[in-house]
Amino acid sequence: MLVSVIIPVYNRAAYLPRLFRSLVQQTYRPLEIVLVDNGSADSSRRLCMAFKEEHHAAGFSVVCLDEAKRGCCACRNKGAQTARGEYLYFFDSDDEMGETFLEEAVSLLPADMVCAPTTMVMPDGRHVNRNAYYTASAADHILTSMLSTQSYIVRKSFFEKCGGWNEALPRWNDWEMGTRLLLSAPRLRWIRDKHFHRIHQHADSISGQSIARDFRPLLQSIAAVRADIDRLATEGREKQRACKALYAKSTLLAGQYLASGLTVEAALTLRAVAGLPVGRGFRTLAAALLAAAGQNVRGLWRIFHLFV
């Protein structure tokens, strides 16, 4: 069964050799590697073409595309439209793929999604394993962001039914995409107790950028997830949990703004979720924890998770 790996590329010449080594080392075949250049000004596009020329072969096809519209989501959608695989796997151009992930994921099919947690490599070299609750709960993901871009393979037909990547979101777009996928009730399997891939955090990585600088894009993503819940969540406990999780996530973000002295941003973040049906008791809890979040107390999401 063919799996298509879709990778946006934009000015990543310094990191592409590391990525390419990890792709060639994949133990699963057949693979289709879809590289989508987003108008790079460095040698990234040339490196992609050279990789294709060297490694394109039966069982390991390489496709190089160009996307004029700015943004990784537009590149991912362009790649998904071209991909021939029954399953899609989205990856980032500055990271390293775990050698056996695709082989182990395919072994758990049939499913709409197969998921696994990842490891972040910090600028000082520390390896930090991302948290996962091994569930199909949108609420768990909304609060903990357990499904990053690199965390799952997805059946192409299911991905298309869910509408593809939201090209209007420059930040937290994988958070919104994961929420929408889970709210669509996939048949989902987890690879448990293993952390695949090395997700590198560095000065020019998107995930490492300042939340203060990106206040409006983050608020836009919160609004998109709220709309996803309104549109896709069925009535009952799971919708209530999703609303609580979004309220908690926004409270924690507001606390980070307060810790940075950005009181207006904190107020607007809380206003964005003010009407969610979370109950008076949960609002009281959130108000109490907001002060702690404003003092940079870490791990408060764990307390919220007990009540979501």
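The model is predicted, so local features need pLDDT of at least 70 and side-chain atom pairs pLDDT 80 or more, while totals for chains, interfaces and linings use all residues. Residues are numbered from 1 along each chain as its sequence is written, and side-chain values use heavy atoms, with hydrogens and water left out.

How many aromatic pairs does the structure hold? There are 13. Rings of Phe, Tyr and Trp (its six-membered ring) pair if their centres lie within 6.5 Å; planes under 30 degrees apart are stacked, over 60 edge-to-face, and the rest tilted.

Take Phe-20 and Phe-51: with centres 4.1 Å apart and planes at 15°, they are stacked. Phe-20 is in helix H1 (residues 16-24) and Phe-51 in helix H2 (residues 44-55), so their pair ties together parts 31 residues apart in sequence. A helix here is a DSSP run of H or I, at least four residues, numbered from the N terminus. Both Phe-20 and Phe-51 are buried, meaning under 20% relative accessible area with a 1.4 Å probe, protein chains only.

Next, Tyr-247 and Phe-282 are edge-to-face, at 6.3 Å between centres and 65° between planes. Tyr-247 belongs to helix H9 (residues 237-259) and Phe-282 to helix H11 (residues 280-294), so this pair ties together parts 35 residues apart in sequence. Tyr-247 counts as buried at 12% relative accessibility, and Phe-282 does at 5%.

One aromatic cluster is formed by Tyr-89, Phe-91, Phe-101 and Phe-196.

How values were computed. Helix = DSSP H or I, 4+ residues; strand = E, 2+ residues; numbered from the N terminus. Buried < 20%, exposed > 50% of the residue type's maximum accessible area, 1.4 Å probe, protein only.
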